[in-house]
Structures are given as C-alpha cells and as structure tokens.
Amino acid sequence: MKPEETLVEQWRPLLSCYNEVAGRLGRALQEAHGLTLSEFETLERRGVLAEHLP
C-alpha cells in the first residue's frame, strides 16, 4: 500500500467522527443559543463567548 493510500484510510474515520461531532454540536448550539457552528467558532476565537454564555 502506498503511503498516500494509508493516509486516506486513516483520514476517512477521522473525518466521519468530526462530521458526527460537528453535527451534534451545531444542533445543540442552535437550540440553546441560536448560533451556528461557524458563528460559535468565530466568537470563540475572538474571546467573546466568555462574556455572553454561562
């Protein structure tokens, strides 16, 4: 097996796991705070969340 094929085989389960977690987190954020995952990430990176979420 070529090294790039090995990387692809390792990438697939990681991507699947990320998609599952991101979907759940996105739904929870939308229900609880009216935020999309992208909005949450932006606020978190700017350090704004500590001021607005419990």
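This is a predicted model: local features need pLDDT of at least 70, side-chain atom pairs count only at pLDDT 80 or more; totals for chains, interfaces and linings use all residues.

Student: OK, how many helices and strands does the chain have?

Tutor: Three helices and zero strands. From the N terminus on, the order is α-α-α.

Student: And helix 1, where are its ends, and how does its span compare with what it should be?

Tutor: Helix 1 covers residues 3–33. Its 31 residues should span 45 Å at 1.5 Å a residue, and the end C-alpha atoms sit 43 Å apart, so the two agree.

Student: What comes just after helix 1?

Tutor: G34, which takes a positive phi of about 70 degrees.

Student: Switching to burial: what share of the chain is buried?

Tutor: Buried residues are 11% of the 54 residues. In helix 1, the buried ones are A22, G26 and L29.

Student: What covers the buried residues of helix 1?

Tutor: The cover includes helix 2, residues 37–46.

Student: And L14, buried or exposed?

Tutor: Exposed, because its relative accessible area is 52% and the cut-off for exposed is over 50%. L14 also belongs to a nonpolar surface patch with W11, L15 and Y18, about 440 Å² in area.

Student: Last one: what's the accessible surface of the chain?

Tutor: About 4,700 Å², with 57% of that belonging to carbon and sulfur atoms.

Methods
Residues are numbered from 1 along each chain as its sequence is written. Side-chain values use heavy atoms; hydrogens and water are left out. Helices (H or I, at least four residues) and strands (E, at least two) are DSSP runs, numbered from the N terminus. Buried means under 20% relative accessible area, exposed over 50%, partly exposed in between (1.4 Å probe, protein chains only). Accessible areas come from the Shrake-Rupley method with a 1.4 Å probe; for residues, only the protein chains shown count as cover. Patches are made of residues with over 30% relative accessible area and no salt bridge: like charges are joined within 9 Å, nonpolar side chains (Val, Leu, Ile, Met, Phe, Trp, Tyr) within 5 Å. A salt bridge is a side-chain nitrogen of Lys or Arg within 4 Å of a carboxyl oxygen of Asp or Glu. The expected span of a helix is 1.5 Å times one less than its number of residues. Contact means heavy atoms within 4.5 Å.
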